[in-house]
Amino acid sequence: ELVSAAEFVKSSTKTEDCPSDGLPEFALVGRSNVGKSSLLNSIVRRKRLALTSKKPGKTQCINHFRINDSWYLVDLPGYGYASAPQQLRTDWDKFTKDYFLKRQTLVSVFLLIDASIPPKKTDLQYACWLGQNQVPMTILFTKCDKRKKAKNGGKRPEENAEDFQNLIGEFFQTAPPWILTSSVTNQGRDEILLHMGQLRNY
Ligand code: GTP
Ligand code: MG
């Protein structure tokens, strides 16, 4: 599947305000700074469709991007950003979780996990929350291009990804599908699009 058209449609902070045309959608979620907006740009082959930043807390709304006039990619605020004001973090957490539970056209959540570092508790907790609430989920391991030893505790991205899967394994009856990705090398891009296509036609 090729992305021939990608356009920003709207920003919402309530599930009720999201587009109502009934097109199927996929949401990117993950810790602040994990690379959600960058991966969205990689998938649609546009440098700056979704805004990215070195500083966490860049994306603050539910942002809908229409792809090929037939489905949506949704960029969300991250969780676990300790420096954001508490009220703001609570708001983000509330409206994203409300969105996961209520959005009828949400086909699947794509949970982004940074594979350049060992598994983090906040990520494990988030994966378990999605699992407990039966939100369909695919795991996208990000930053697989980063191989600096000092930064990732000596483990390669593939090993960190495996550790994460082993840790969440006991909370899922069937292990969620997963893909290794990088927005720098565009690793995983075709696989993600193929996977989204399969989920839409299911
Ligand atoms: P919030 O909107 O704040 O929640 O962050 P986000 O998850 O959307 O992250 P964003 O895409 O803004 O990227 C955060 C930082 O990580 C930026 O400095 C990106 O350049 C960098 N980054 C994102 N993806 C990758 C990747 O695959 N590899 C590397 N090396 N850096 C990446
Ligand atoms: Mg973002």
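**View 1. The largest nonpolar core.** Of the 41 residues in the largest nonpolar core, Ala27, Leu28, Leu111 and Leu112 touch the most other members. Strand 5 (residues 106-114) supplies the largest share of this core, six residues. A nonpolar core is a set of buried Ala, Val, Leu, Ile, Met, Phe, Trp, Tyr and Cys residues joined through C-beta atoms within 7 Å. A residue is buried if 20 or more other C-beta atoms lie within 10 Å of its own, exposed if 12 or fewer, and partly exposed in between, with C-beta atoms placed from the backbone. The model is predicted: local features need pLDDT of at least 70 and side-chain atom pairs count only at pLDDT 80 or more, while totals for chains, interfaces and linings use all residues. Residues are numbered from 1 along each chain as its sequence is written, and chains are lettered from A and ligands numbered from 1 in the order in which they are written.

**View 2. Surroundings of alanine 27.** Apart from neighbours within four places in sequence, alanine 27 is in contact (C-beta atoms, placed from the backbone, within 7 Å) with Val74, Leu76, Leu106, Val109 and Phe110. For the protein chain, 72% of the contacts between residues at least 6 apart in sequence join residues at least 24 apart.

**View 3. Strands 5 and 6.** Strand 5 and strand 6 run parallel and are joined by six bridges; two strands pair if DSSP finds at least two bridges between them. Isoleucine 113 has phenylalanine 141 of strand 6 as its bridge partner. Five of the six residues of strand 6 (residues 137-142) are buried, so this strand is largely enclosed by the rest of the structure.

**View 4. The shell around ligand 1.** Ligand 1 is surrounded by 24 residues, of which Gly35, Ser38, Thr52, Thr59 and Gly78 are the closest. A residue is near a molecule if its C-beta atom, placed from the backbone, lies within 6 Å of it. The shell comprises four nonpolar, 14 polar and six charged residues. Here Ala, Val, Leu, Ile, Met, Phe, Trp, Tyr, Cys and Pro count as nonpolar, Asp, Glu, Lys and Arg as charged, and the others, Gly among them, as polar. Helix 1 (residues 36-44) gives the most to this shell, with three residues.

**View 5. Asparagine 33, in the loop between strand 2 and helix 1****.** Although asparagine 33 is not a glycine, its phi is positive, at about 80°. Asparagine 33 is buried, with 20 other C-beta atoms within 10 Å.

**View 6. Glutamine 134, in the loop between helix 3 (121-132) and strand 6****.** Glutamine 134, likewise a residue other than glycine, has a positive phi near 55°. With 8 other C-beta atoms within 10 Å, glutamine 134 is exposed.

**View 7. Proline 19, in the loop between strand 1 (6-12) and strand 2 (25-30)****.** Proline 19 has 15 C-beta neighbours inside 10 Å and counts as partly exposed. Beyond neighbours within four places in sequence, proline 19 is in contact with Val9, Lys10 and His64. From proline 19 to leucine 101, the separation is 82 residues in sequence and 16 Å in space, C-alpha to C-alpha.

**View 8. Elements of the protein chain.** The secondary structure comprises five helices and seven strands. Helices (H or I, at least four residues) and strands (E, at least two) are DSSP runs, numbered from the N terminus. Buried residues account for 36% of the 202 residues in the protein chain.

Conventions
Two residues are in contact if their C-beta atoms, placed from the backbone, lie within 7 Å.
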